[in-house]
Every structure is written in C-alpha cells, then in structure tokens.
Amino acid sequence: MLNEDADTPLRDTQGVFESMDDGPMMDVGAKYDTAGLGLEEIRKSTKQLMQLTWLDIEITAQPSQKKCGCCASSGANMLTKPKVIIDHVSGTVQPGQFLAIIGASGAGKTTLLNFLSGREISQNLDRTGKILVNGSDKDTMKNFSSYSAYVQQDDILFQTMTVRECLTFAARLKLQAREEEKIARVNHMLKTLKLVKCQNTRIGGPLVKGVSGGERKRTSIGVELITDPNLVFLDEPTTGLDSFTATSVMESLSDLASKENRTVISTIHQPNTDIFDMFDRLVLLARGKIIYFNRADLAVDYFSNLGYTCPDTSNPCDYFMSMMSKESIELDYADENAIGEAGLDNQKIDEEYEKLIIFFVENYFKSELVCPAEQVHPDIVPLRDDDDSIQVQTPWFYQYKLLATRNFLNVVRLPQTSYVKLTTTCVTATFVAFFFWQVGAAHYVNPPVNSAGEAIYPNGENASQYYTGIFQNIQGSLFFMTMNVTMNAI
Ligand SMILES: Nc1ncnc2c1ncn2[C@@H]1O[C@H](COP(=O)(O)OP(=O)(O)OP(=O)(O)O)[C@@H](O)[C@H]1O
Ligand SMILES: [Mg+2]
C-alpha cells in the first residue's frame, strides 16, 4: 500500500494559504489579514513535511525497586515481574496522513504515543527500537520537539480567558515573530479550527459559563498547533465529547492532515462511523501487539476474510473493539460451558485471549498489508537543525510579563477566589496581631527602671533572658507569617 502512496505527489500546501487570503475577514485582528502581514511567514514555516517511522519498538515495565508504603497503598507499579506493554511494533506515517491508534483500555496506546512523541515517560519503562524522522534517527535530532506538538487528553486552559486570548497568549509565548505575524497565526488557527464565531467567548468552567465542550477541545488543540507543528500527536481528543462535537473536532484534524499536509497521529476511543471514515491509516493494538496496520478502509474486508465479518449495520470500530476484547472470550466461554460469571476460569480465558491475539498477529504478518516501514516518501527531505521554521524560545522576562498579565486578568475576572483569599488573610492577620501585638515595641525593649536607674525585668529574669525572649517572639511572628504566605501560595 505504501508503495502506491510513495508515488503519490503530496498535496499543495501553498494553495491552502492562497485560498485563505480570499476568505471572509474576522472582527478582531482583521486588519492584519487585510494587510496580508505575516502570511508569508506562515507559508515559510509549513514547508517541512514529516514522516515518522518506528522500528521494532518494545517497551517493558520493570517492577519498582522501591518498596515504600505510599506505593504499596496506592497500588502504583506493584509489578512482581517485567510486563511487556508494547511488543515489537513497527510502522510509518507520512505527511498528509491521519493515523488512528485504536485498542481496548490498557492496550498500550498512550504508552506508544508518548514514546513516539518523545515525551518523558515513566522511569521504570525500558525501551528498545528506533524512531526515524524523515529517515534520520530521532535520538540524534536536537529540535524534534520544535516540529511536533502533543495535545493532552485533559484541557489546561484558564476558564476566564476567551478563545482568542488563549490562542494569542500561546502565540506570544511560543513564537518568536512580529506581533502582526502572531495575530495572523491566531486568525488562521481560529479559521482552521472553526472557532471564529466563539473567539470572544470565555472558556468557562464550574464558576463561569463558557464555550461548548467541542470548542474548548478545539481551543486546546489550537494552543498546541499555534507553532505550526508539522507533526501532531493527540491522546484521545474526543474523550468526553458527544458524537456531533467529536466529529467536528476530528474533522478539523482531518483537514489539517489532508489540506495542509501535516502528519497527524491520534489515539481514540470508539469513534463513530463518520470519524472512522476520516482516518487514512489505522493501527489496531491488542495487548501491545499490532494486529492491523494499514489503510483504514481496507480493515473491514481484511477481517472479513479472516472470518470476522462486520455486520453491515455495525460501526466497524465498535466491531473491532469487541473482536479484540477479552470480554468477548469470556462471554463465549460462559455460553459454551453454561456457567455463570462466578465460575469463569480466568487462566483458561487468558490463554484463549492470548491465542486469539496470536492468531490475528500471525495473519497480519503473513498478509500483503504489512507496510515496509523503512521506506521514505520521495518528496521527503531530511530535517536540518538550522531550518528557519524552528521556533526559538522567547526571552524569560517576556514570558514572565505574559504570565503575570494572564494571572492578573484571571484574578480580576474571577474575583470570587480573591474574596476567599482576602477573608482568609484578614482572619490570619487578626490572629497574628492578637498574639504578637507590639512585640519589640519601645516600652518592651526599654523596661522600666528603679530609682537607682536599674532596669526591672519581669518574672525575675536577667537582661540576657529578657532580650532573648523578645527576640524569640519577633522570630516566632516572622516564622508564622512566612509559613502562612507559603501555604497560601501552594
Ligand atoms: N509505568 C508503568 N508501569 C507499569 N505499568 C504501566 C506503566 N505505564 C503503563 N502501564 C501499563 O501498561 C498498559 C498500557 O497502558 P496505556 O496507558 O498505554 O494504555 P491505553 O491503551 O492508553 O489505555 P486507555 O485507553 O485506558 O487510556 C496498562 O496496563 C498500564 O497499566
Ligand atoms: Mg490512554
């Protein structure tokens, strides 16, 4: 399949931006589009096409060396022997392709995605295998993260900011360019992710009503895409969204791949049929093993030939999920043996499930669908470390100013939290005043004197004890106030 693709010329990225110039103008920041400023920069930065290839990846979780009480009680990493999470997995994804990684919970989707994206993964995971970016070893690349973006499953947006502000903040923080170029990028992102209509609506949260779930998700995708990455990783971008919103989010991502030649890799849970049709490539993972990796539209026929025919009325993805799930074996076993769930033989079921996966794996590797992962698309050029599309970090004082401004806005726009803090501070201040009132004041520091002019220290103390007491009281008040400020900051 890849051979056919390899001869296919990639889509013209330039054209996308040409057509963008003629599009309707936006209310805010529209002057920048009219002037056309910054678009040249956008064109320049999209020129790099990226192909990601991974060869024979194996990721194994090692049992924790530490035996501390907290790990034991939380159940974290209670492995007694090494556990293979990703089992000798290879594949490739090309520019313009939208690759979906699908599998049951615990199949290893996030672990694989994290490894491919170069994110820091747990210390106890041993990894072997190689990742190639445009044919070059990823480990030797200094700037891989500048070309790629990772959209996390959970949104990390400030509820008080508007959609446009979130994107503008990200553009200012991450891009080293003129202000006009940053605004042009924001406008482009709003348009691409279909956020123009809600650009001035706040994100919202428990205290403030804001944009819809889909718009929120698209905004967090936009925050990552603002640097114009050529390679995009997403971990379950549709989690928590209804079917319609999920489809619109995935449409945006599909457009990104198909119209702008980006390489998009996403894990996903239970996509509906419309979403399934958007995928160019499909990876089915079961217990860390690949049981299918090729064009998404060939999957139904392939499994049908193996005797697993998806009913016409079923969603192929739902069918694949049930086909790969351990629960289906449990049901069959319970039916065949006419026993209730309580009587299931877990070891037997585990063996049956392992056999099923081996059946799928062997058939896949015997089939013609196995992709020759090493092959690099003829249009792909190796990445250069001195490429001018690489984003340079903005200076720390500029970042500090932006963060301070954002926090200030957050406080002004969400005064409820400030009221709580103010009340707490007043109560604490009253306590401090009550206990430490006038500690170190002149009449304490200079005790009364007798007729002979000698100081009279209370409680029969001598001078040293008296002044040590005053000093300790001052120290105590300072300690109390410092602790209070620190705890508030946490
Ligand atoms: N650091 C680790 N140590 C031990 N086991 C781990 C570690 N990281 C992941 N695992 C295990 O590896 C398996 C795969 O985890 P992963 O998070 O990749 O699954 P997933 O396919 O993304 O699942 P989900 O769909 O629920 O997000 C799970 O069984 C998980 O418990
Ligand atoms: Mg996951």
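**Ligand shell, sheet and helix packing in a predicted model**

The shell around ligand 1 is made up of nine polar, five nonpolar and two charged residues (Ala, Val, Leu, Ile, Met, Phe, Trp, Tyr, Cys and Pro count as nonpolar, Asp, Glu, Lys and Arg as charged, and the others, Gly among them, as polar). The model is predicted: local features need pLDDT of at least 70, side-chain atom pairs count only at pLDDT 80 or more, and totals for chains, interfaces and linings use all residues. Residues are numbered from 1 along each chain as its sequence is written, while chains are lettered from A and ligands numbered from 1 in the order in which they are written.

In total, 16 residues surround ligand 1, and the closest are Ala61, Ser105, Thr110, Thr111 and Ser122 (a residue is near a molecule if its C-beta atom, placed from the backbone, lies within 6 Å of it). Strand E2 (83–93) and helix H6 (109–117) are the elements that give two or more residues to this shell, and H6 gives the most, with three. Helices (H or I, at least four residues) and strands (E, at least two) are DSSP runs, numbered from the N terminus.

Turning to the sheet, six strands form an open arrangement in the order E6-E7-E8-E3-E9-E10, with mixed pairing (two strands pair if DSSP finds at least two bridges between them). Strand E6 (148–151) and strand E10 (289–295) stand at the edges with a single partner strand each, so one side of each has no neighbour in the sheet. On average, neighbouring strands are turned by 15° against each other, direction ignored. Strand E7 (residues 231–235) runs parallel to strand E8 (residues 263–267), and five bridges join them; here Phe233 stands opposite Ile265 in E8. Helix H10 (residues 213–225) lies across E6 and E7, at about 155° to E6. Axes are lines fitted to C-alpha atoms, for helices over the stretch in contact, and angles run from 0 to 180 degrees between N-to-C directions.

Helix H18 (residues 415–436) packs with helix H20 (residues 463–489) at an angle of about 170°, their axes 11 Å apart. The two are therefore roughly antiparallel (angles under 35 degrees count as roughly parallel, over 145 as roughly antiparallel, 65 to 115 as roughly perpendicular and the rest as oblique). Lys421, Thr428, Val432 and Phe436 of H18 make the contact with Asn473, Ser477, Phe480, Met481, Asn484 and Asn488 of H20, where contact requires C-beta atoms, placed from the backbone, to lie within 7 Å.

Terms used. Contact = placed C-beta atoms within 7 Å.
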